[in-house]
Amino acid sequence: MPFTISHFVASVAPSATLAVSAKAAAMRADGVDVLSLSAGEPDFDTPDFIKDAAIKAIRDGKTKYTDVRGIGDLRAAIAAKFKRENGLSYSPEEVLVSCGAKQSVYNVFHALLNPGDEVIIPAPCWVSYPEMARLVGAKPVIVPAPAERDFNPTREALERAATRRTRMIVFSTPGNPTGAVFSRATLETIADFARARDLLIISDEIYEKLLYDGAQHLSIASLSDDAKARTVVVNGHSKTYAMTGWRIGYAAGPRAVIHAMGNIQSHTTSNPNTPAQYAALAALTADQKFLDPFIAAFDRRRRALAEGLARLPGVACRMPQGAFYAFPDFSALYGRKIGGFEVRDSLTCATALLEGAHVATVPGEGFCADAHQRFSYAVRDSAIADGLARLAKFLAG
Ligand SMILES: *Cc1c(COP(=O)(O)O)cnc(C)c1O
């Protein structure tokens, strides 16, 4: 066969989750009124002043290649943001702008991992961390974190997962899919664990501004000089500024790592989209008060969704403190037949909710948490009420 998929790429399993979203799309095409609570992006439009900055950049002829690492003004603005909001001092040379936070995470894995290296991933985790580890030939080691601890991993579980080959730990806080915020104690535990084992830390902080109930964001890199020296912080504009399609993310860390990541980028994508970089600069340098109405809307929907889910029979749901997801546990229903559907695991549960209640969710298996379903509240308020009513009717059925 002339086309044999490389070992590393072949090791990346096609997501079973895709089958659920394909089914939802097919039902919609057949005219079924499917209510989607599966979105992974804000429902808000990108604010006009951000769009205007991109339009102006295009009119001003800012349409050519830039520095592979991103324009100097944007890297300086990102460095200033880290100083102002996270208490972290990086020079613009220690900042890289990428085509989304996703590319930043991939660049770090590619730059730092060798085949056979192990990456510790507290779970529930973002879908792409295990697959990206596999893409570079490394081994993802999943460490389940208990829901009762708001999905904060324990030191004991981390220690049990560590081997001679462990090189890195990666996590997001606030988390996707959980909406959980790691406590200061958890971050101190992770930093101490990483110091004791000489590990790299990848801290994905893309939801840092989407926080509720007075929760505060703390970057693990800001805990100590040692933590900063072994951490690459990843962040981006997609979630905070409703800019998913613009593809702007960034990373900050030790100069040598950022340099290696820039090298990868120079031979793969080159610079991120040029007008989008000017839009990103406008978003970052504006008074951040424009985010308040978005956060207030998310907060209101969060309560409605999480409280409603927790009231459903057989469903346990914690109140998330960040991002725009709720991550209820449906496992009390596993082994039962509901509305004619056998529910055995997160995939069959998602299928039952989709076909039986016409509500689309994301099954937990993709996040290494098969007891759960991910619900998004980045939807209009009426969709939450409608979705909860459909679920209540179906589960009572
Ligand atoms: C959405 C998301 C990303 C990727 O965002 P980009 O659009 O690539 O910037 C990274 N990490 C987490 C946890 C996410 O939810």
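This note walks through a few helices, strands and residues of a predicted model.

1. Start with helix α5, residues 101–112, and helix α6, residues 128–135. Their axes come within 9 Å. They cross at roughly 40 degrees. Angles under 35 degrees would count as roughly parallel, and 65 to 115 as roughly perpendicular. The pair α5 and α6 is therefore oblique. The crossing of α5 and α6 is right-handed.

2. **Who touches whom.** Look at the side of α5 first: Lys 102, Val 105, Tyr 106 and Phe 109 make the contact. From α6 come Ser 128, Tyr 129, Met 132, Ala 133 and Leu 135. What kinds of residue are these? The contact of α5 with α6 holds 7 nonpolar residues, 1 polar and 1 charged.

3. **A residue on the outside.** His 7 sits in helix α1, residues 7–10. Is His 7 buried or exposed? The relative accessible area of His 7 is 72%. Exposed means over 50%, so His 7 is exposed. Now find Arg 134. His 7 and Arg 134 are 127 residues apart in sequence. In space, their C-alpha atoms are 9.5 Å apart.

4. **A buried strand.** Strand β2 covers residues 95–98. Which way do its residues point? Val 95 and Val 97 point one way, while Leu 96 and Ser 98 point the other way. All four of these residues are buried.

5. **The partner of β2.** Strands of a sheet pair through backbone hydrogen bonds, either parallel or antiparallel. Here β2 is joined to strand β8, residues 249–252, by 4 bridges. The two strands run antiparallel. One place to check is Val 97, whose bridge partner in β8 is Tyr 250.

6. **A sheet of three strands.** Follow the order β9-β14-β13. These 3 strands form an open sheet with antiparallel pairing. Which strands are at the edges? They are β9, residues 325–326, and β13, residues 362–363. Each edge strand pairs on one side only.

7. **Inside that sheet.** Strand β14 spans residues 373–376. Its pairing with β9 is antiparallel, over 2 bridges. Tyr 325 has Ser 376 of β14 as its bridge partner.

8. **A helix across the sheet.** Helix α13, residues 346–357, lies across β13 and β14. At what angle does α13 run to β14? The angle is about 45 degrees.

Methods. Residues numbered from 1 in each chain as written. Predicted model: local features only at pLDDT ≥ 70, side-chain atom pairs only at ≥ 80, totals over all residues. Heavy atoms only, no water. Axes fitted to C-alpha atoms, helices over the stretch in contact; angles between N-to-C directions. Parallel < 35°, antiparallel > 145°, perpendicular 65-115°, else oblique. Left-handed = near helix turned anticlockwise from the far one by under 90°. Contact = heavy atoms within 4.5 Å. Nonpolar A, V, L, I, M, F, W, Y, C, P; charged D, E, K, R; others polar. Pairing = 2+ DSSP bridges. Buried < 20%, exposed > 50% of the residue type's maximum accessible area, 1.4 Å probe, protein only.
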